Amino acid sequence: MFIVRRNGQISDLSSQAAALPPGYYFRATLNFDGVFEIYSRPKQSNGARNWTAIWMQPYNICLDIIGSIGSGACGYNSVCQLGNNRRPICECPLGYSLVDPNDKYGSCKPSFVQSCDQNGQNLGVYTLAELNNTDWPFNDYERKNPFSEEDCRNSCLTDCFCAVAIHNGDDCWKKRLPLSNGRRDSNVNRRAFLKFKKGDLPPNSSDRIPVQEENRAP
């Protein structure tokens with residue numbers, strides 16, 4: 001089985017099955033999330049008819065689907081994390097809830113509206129939640145360098161345009177809504193500081209992505 005990529009390159013999808021002896025069935029599936037997957041099972045199954053995944057592309061949909069246009073593998077303001085079955089799990093972060101409660105892969109909306117008027121800039125109104133190994137690429141409107149974690153956190157907290165700040169090394173990226181390409185993975189060497197309004201969390205906020213709230217004084 002072969003596919004032709006956009007760049008004209010031809011890929012042999014059956015090469016992964018070369019080590020298998022004859023006598024196997026193969027099945028190719030394009031999953032709902034855009035992952036193309038090849039399965040196999042022996043023709044002589046002795047009653048067992050389970051299919052085994054032997055190849056998939058992309059391997060990690062949360063990290064491999066990325067672009068400056070569109071929301072990514074999940075909806076806007078959502079975070080994608082790969083489950084044990086290699087399928088994406090899309091979750092709204094703390095302070096956000098699904099626009100459509102029936103679409104768990106859809107976009108998330110904030111439970112508050114951040115304002116740049118005098119009351120909206122009151123530091124006591126907002127706080128930050130810390131999300132490790134989390135990033136939303138392509139939404140930067142300002143980059144600060146060199147900046148410590150503390151500098152990055154305070155800069156977002158005092159900026160009425162900032163929805164989240166991402167820190168890595170000496171770099172701090174400040175981002176506005178809507179956030180796109182959200183991903184959480186051990187390979188994402190980033191720390192996110194997500195802003196939300198104190199005491200204004202959505203229903204079932206305990207189901208949101210686990211975070212550590214920042215309690216340090218700005």
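Predicted model: local features only at pLDDT ≥ 70, side-chain atom pairs only at ≥ 80, totals over all residues.
Local features here need pLDDT of at least 70 and side-chain atom pairs count only at pLDDT 80 or more, while totals for chains, interfaces and linings use all residues. Residues are numbered from 1 along each chain as its sequence is written, and side-chain values use heavy atoms, with hydrogens and water left out.

Q: Why is the link of C62 to C80 called a disulfide?
A: The label needs a pair of cysteine sulfur atoms within 2.5 Å. Here S to S is 1.9 Å, so C62 and C80 qualify. The link is left-handed, with -60° about the S-S bond. C62 sits in helix α1 (residues 61-64) and C80 in strand β6 (residues 79-82), 18 residues apart. Helices (H or I, at least four residues) and strands (E, at least two) are DSSP runs, numbered from the N terminus.

Q: What makes C74 count as buried or exposed?
A: Buried means under 20% relative accessible area, exposed over 50%, and partly exposed in between (1.4 Å probe, protein chains only). C74 comes in at 3%, so buried it is.

Q: And which class does C90 fall into?
A: C90 has a relative accessible area of 12%, so C90 is buried too. The sulfur atoms of C74 and C90 are 1.9 Å apart, in a disulfide.

Q: How many disulfides does the structure hold?
A: Six.
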